[in-house]
Amino acid sequence: MDLDRWMGVALEQARVAERHDDVPVGAVVVHVDADGVERQVGAGHNRREVDGDPTAHAEVLALREAAATLGQWRLDDCTLVVTLEPCTMCAGACVLARVPRVVIGADDPKAGAAGALWDVLRDPRLNHRSEVVRGVREQECGDLLRSFFRARRR
């Protein structure tokens with residue numbers, strides 16, 4: 001799977017969030033068929049500010065779109081690619097959707113639930129575990145977030 005390419009799609013989504021003053025996080029769900037053909041089935045960016053919805057995280061919106069596109073809630077042939085390590089809510093949504101792999105750009109030491117603070121995605125007590133791939137275009141993902149928060153502190 002071309003992780004660099006798909007993280008680029010997630011970064012495009014993150015930039016959309018930034019344009020409407022949401023934290024710039026973007027996500028894309030990639031389905032891989034039996035022949036190895038990759039296609040985007042869901043995408044999302046943070047919309048908490050725009051929608052006034054605390055659950056409108058990029059990952060949740062991308063997973064919802066993927067489930068609608070595929071016509072099923074089990075996303076077992078999919079990979080979630082996200083610019084920032086998922087929080088507990090989003091990691092839980094990945095577990096519930098049976099996402100086998102989550103690809104992360106930047107770590108989130110304050111709220112990350114894929115190994116930074118908690119490890120919901122790989123908790124052996126849960127009924128599903130996801131492979132976690134970290135650090136794809138990490139600098140670019142982190143720079144986007146740092147720039148966003150730096151501008152808000154001024």
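A residue is called buried under 20% relative accessible area, exposed over 50%, and partly exposed in between (1.4 Å probe, protein chains only). The model on screen is predicted: local features need pLDDT of at least 70, side-chain atom pairs count only at pLDDT 80 or more, and totals for chains, interfaces and linings use all residues. Residues are numbered from 1 along each chain as its sequence is written, and side-chain values use heavy atoms, with hydrogens and water left out.

Please begin by selecting Asp 119 and Arg 122. These two form a salt bridge (a side-chain nitrogen of Lys or Arg within 4 Å of a carboxyl oxygen of Asp or Glu), with the closest N and O atoms 3.0 Å apart. Asp 119 is partly exposed at 29% relative accessibility, and Arg 122 is partly exposed at 35%. The structure holds 10 salt bridges.

Next, select Glu 140 and Arg 15, whose side chains meet in a salt bridge of 3.1 Å, N to O. Glu 140 lies in helix 5 (residues 138-153) and Arg 15 in helix 1 (residues 3-19), 125 residues apart; helices here are DSSP runs of H or I with at least four residues, and strands are runs of E with at least two, numbered from the N terminus.

Finally, select Asp 21 and Arg 152. Their salt bridge has its closest N and O atoms 2.4 Å apart. Asp 21 sits in the loop between helix 1 and strand 1 (26-32), whereas Arg 152 belongs to helix 5, 131 residues apart.
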